[in-house]
Amino acid sequence: MLLASYDPVMYSRMLTGLTLAFHIIFATIGVGVPLMIALAEWIGIRRKDEHYLLMARRWARGFVITVAVGVVTGTAIGLQLSLLWPSFMKVAGQSIAIPLFLETFAFFFEAIFLGIYLYTWDRFKNKMTHFWMLTPVVIGSSASAFFITVVNAFMNAPAGVTVVDGKITDISPFGAMLSPAMPTKVSHVLITAYLTCAFILAAISAWSLLKGRNHVYYKKALKLTMISACVFLLSSAIIGDLSGKYLANYQPEKLAAMEWHFETTKQAPLVFGGILTEDNEIKYGIKIPYALSVLAHGRPNAEVTGLNDIPADETPPLWIHYLFDLKMSFVAMMVLVALVFLLLLWRKRSLVYSNKWLLRGIILTAPLAMLTIEHGWIFAEVGRQPWILHGIMRTSEGATVSDHVDTMLIVFALLYIVLGLTAVRVLLRMFRNNRAEDEIAARGIEGGGQQ
Amino acid sequence: MSYEVIGITVLWIFLFGYLIVASIDFGAGFFSYYSTITGKRHLINKVIERYLSPVWEVTNVFLVFFFVGFVGFFPDTAYYYGTALLLPGSVAIILLAIRGSYYAFSNYGSKKDSRFYLFLYGASGLLIPASLSTVLTISEGGYIAVDDNNQITFLFTKLFTSAYSWTVVLLAIVSVLYISAMFLCYYANRANDRGAFELVRKYAIAWSGPTILSSLLVFFAIRGHNAGHFQRMEDYAWMFVLSFVCFVVAIYLVWARKRLGLSFIFVLLQFGFAFFGYGAGHLPYILYPYLTIYDNFTSEPMAIALISVFVLGLLLLIPSLYLLMRLFLFDANYVQGKRNK
């Protein structure tokens with residue numbers, strides 16, 4: 001059909017990739033938005049400002065739609081792991097059952113309290129009681145991201161297991177959670193999810209302001225989300241740097257492939273952009289001297305392992321370089337928008353809410369941030385090929401041998417298209433028919449403290 | 001009790017939990033759609049919506065919990081079931097995806113009560129139990145072939161032409177409607193909603209006969225399909241007798257319009273006895289005749305770790321579930337719609 005002959009491994013990879021790529025959009029929203037809702041509600045209660053409380057309410061309303069798609073696609077990937085990668089799951093069941101199990105507990109916890117939160121807005125006398133119902137949602141969603149990333153970290157750098165002749169013999173149930181990839185991966189995933197959601201919500205406010213709807217509600221929303229985004233951006237930059245140092249020590253082939261670093265050398269330069277010719281010559285790339293050594297080990301004189309010292313059949317595909325550079329350009333643009341915002345907020349506050357170019361820039365950050373997440377994940381996952389369990393099991397050994405994976409790929413692609421389009425339609429209609437300023441008027445909460 | 005038995009018991013309890021909450025959920029979705037096309041939506045929709053809205057997300061977790069736990073305790077099952085179930089499993093995923101998302105779209109979106117969304121949501125709810133029940137059918141053996149290289153082939157046509165598999169599908173669909181209607185009787189009564197109560201009471205009584213008939217059919221079909229399992233189930237005959245007694249009591253109470261909470265507890269007991277009797281008879285096989293709970297169990301440290309994590313998790317879950325029930329099931333003001341969201 002798509003390939004010359006039926007190859008279950010390739011189709012399994014494509015289907016898993018497709019499901020994850022779709023799920024990650026909603027999962028990221030699922031992790032980050034509860035935190036932003038909590039922030040808005042907390043400020044609203046503390047400042048007795050109804051506008052912030054309404055913000056929390058409106059965000060929560062949209063959030064339910066994305067949660068629904070996130071839950072069903074999450075269930076899909078959970079089941080697909082066993083259906084498409086049965087041999088891998090056999091090994092995973094022996095070694096990483098604990099984080100998998102804990103992830104569902106976190107999900108359970110979140111699901112229970114999300115239901116409670118959504119239906120108890122006016123139920124408790126003390127407003128803080130309702131706010132506390134949200135904390136398990138924030139903790140649960142971040143915890144499930146934490147545990148599932150722990151699983152992924154194990155696949156990148158297995159720990160807590162003894163491997164004899166490529167077979168896992170001895171397992172320490174909790175040791176498997178403490179993989180060297182875990183700290184950087186988990187913190188990177190969490191912070192970038194918060195960051196992306198802050199940008200998405202900022203983009204919504206910026207859109208309304210750009211349309212000339214100058215209600216103070218949107219100004220408050222923009223300020224809250226953009227300041228949060230700036231904080232998260234700074235933290236993710238620090239963690240990104242630590243991730244590079246992790247790669248240099250534990251997965252040098254990924255770092256070398258992403259930077260097209262062939263010879264093991266000291267004072268290694270970093271290549272940005274460029275194209276790779278047939279015989280591995282880099283053309284048109286910008287070389288930044290010493291930068292790779294600094295990125296990898298924090299010292300300009302440090303030695304960085306090159307691809308020539310890695311067996312050819314264990315080298316990840318070299319096109320991940322393009323992916324990484326694209327990702328870094330997205331990051332650069334987000335940083336630019338954030339800096340302009342901060343500068344204007346500090347020197348000429350009125351322009352923050354009216355400068356069309358800044359507002360357009362903020363709108364752009366939302367898709368950019370989501371694309372960065374996608375690129376980052378594709379880069380991380382393709383970068384560990386050919387391994388499904390780094391150093392233990394190759395991807396081809398983990399896949400199913402079943403027929404019909406190709407048909408399933410098409411069916412699921414259709415499903416995700418339909419789900420994605422309906423979700424967008426429903427969300428758009430939900431907020432177009434009930435704009436914030438109308439709801440403020442309807443609820444009689446005009447005034448709510450001026451900016 | 002050995003770790004293996006603890007493991008499978010824990011998982012079986014979760015599957016039972018899923019069976020109950022999912023049945024209420026799936027059936028309610030179907031009734032909600034059915035009442036729309038028969039013009040009786042105004043009668044029962046409020047009651048259904050008030051119950052479902054806060055809990056729909058929780059239902060899915062029971063299922064995820066079950067299969068994640070299964071792979072954890074019995075890693076080899078991932079290999080056998082994973083390979084065999086690609087098609088039925090994917091069908092179930094697609095149905096679950098359609099149902100879950102269209103529930104949210106139709107309930108939280110601004111274009112409420114879109115008939116098309118309701119149809120997707122109601123119809124998928126009936127097909128999910130059918131597609132999920134194939135797992136139980138396959139576990140009886142005879143539907144997959146394993147060759148010398150441990151290659152697994154799923155025997156499609158065999159499943160589709162087998163009398164046993166169709167009786168299981170029938171039982172799954174019918175009992176979903178029965179469990180759901182029985183629960184809604186209790187809930188509508190709590191809500192003091194006479195109109196809704198009388199309607200769901202009719203549904204409950206109408207589906208009680210088919211439920212018991214299809215249970216008997218499954219019994220006979222198992223005897224034909226897997227005689228060993230049937231014999232072991234005979235050892236637990238008292239459980240099935242008790243199950244039937246509970247059924248009679250539950251239906252009597254609904255018929256007499258008395259003590260509907262107690263009636264639903266008897267429904268739980270009815271299915272509990274039957275489900276655990278069936279499960280106990282199934283042991284020691286997980287997948288007849290290839291897998292038993294003993295030769296594919298996880299390592300001892302992992303089993304201990306899983307069980308401890310499980311107990312700790314329960315300490316967190318039980319109070320939370322209790323809170324959820326207190327707020328939305330046992331709070332008379334909420335159930336009667338006297339509290340706004």
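Let's start with a term: a residue is called buried when its relative accessible area is under 20%, exposed when it is over 50%, and partly exposed in between, using a 1.4 Å probe and the protein chains only. What you have above is a predicted model, in which local features need pLDDT of at least 70, side-chain atom pairs count only at pLDDT 80 or more, and totals for chains, interfaces and linings use all residues. Residues are numbered from 1 along each chain as its sequence is written, chains are lettered from A and ligands numbered from 1 in the order in which they are written, and side-chain values use heavy atoms, with hydrogens and water left out.

You'll find B:Arg257 in the loop between helix 10 (237–255) and helix 11 (260–282) of chain B. Helices here are DSSP runs of H or I with at least four residues, strands are runs of E with at least two, and both are numbered from the N terminus. The phi of B:Arg257 is near 55 degrees, a positive value in a residue other than glycine.

A:Lys48 isn't a glycine, yet its phi is positive, about 50 degrees. This lysine, A:Lys48, sits in the loop between helix 1 and helix 2 (50–84) of chain A, and at 73% relative accessibility A:Lys48 counts as exposed.

Now step back and look at chain B as a whole. Its secondary structure comes to 13 helices and 4 strands. Chain B has a radius of gyration of 20 Å, close to the 20 Å that the globule rule gives for 341 residues, so chain B is as compact as a globular protein of that length. (That radius is taken over C-alpha atoms, and the rule is 2.2 Å times the number of residues to the power 0.38.) Of the 341 residues of chain B, 60% count as buried. Contact means heavy atoms within 4.5 Å. Among contacts in chain B between residues at least 6 apart in sequence, 78% join residues at least 24 apart.

Zoom in on B:Gly69, in helix 2 (residues 41–73) of chain B. With 1% relative accessibility, B:Gly69 counts as buried. What does B:Gly69 touch, leaving aside its neighbours within four places in sequence? The partners are A:Phe101 and B:Leu11.

Over in chain A, A:Thr19 belongs to helix 1 (residues 8–47). A:Thr19 counts as buried, at 0% relative accessibility. Setting aside neighbours within four places in sequence, A:Thr19 has contacts that include A:Thr73, A:Gln80 and A:Tyr416.

Next comes helix 6 of chain A, residues 182–210. Its 29 residues should span 42 Å at 1.5 Å a residue, and its end C-alpha atoms are 41 Å apart, which agrees. (The expected span is 1.5 Å times one less than the number of residues.) Helix 6 of chain A is mostly covered, with 21 of its 29 residues buried. After helix 6 of chain A comes A:Gly212, whose phi is positive, near 85 degrees.

Finally, there's a cis peptide bond between A:Gln385 and A:Pro386, with omega about 5 degrees. A:Pro386 lies in the loop between helix 12 (356–382) and strand 9 (387–389) of chain A.
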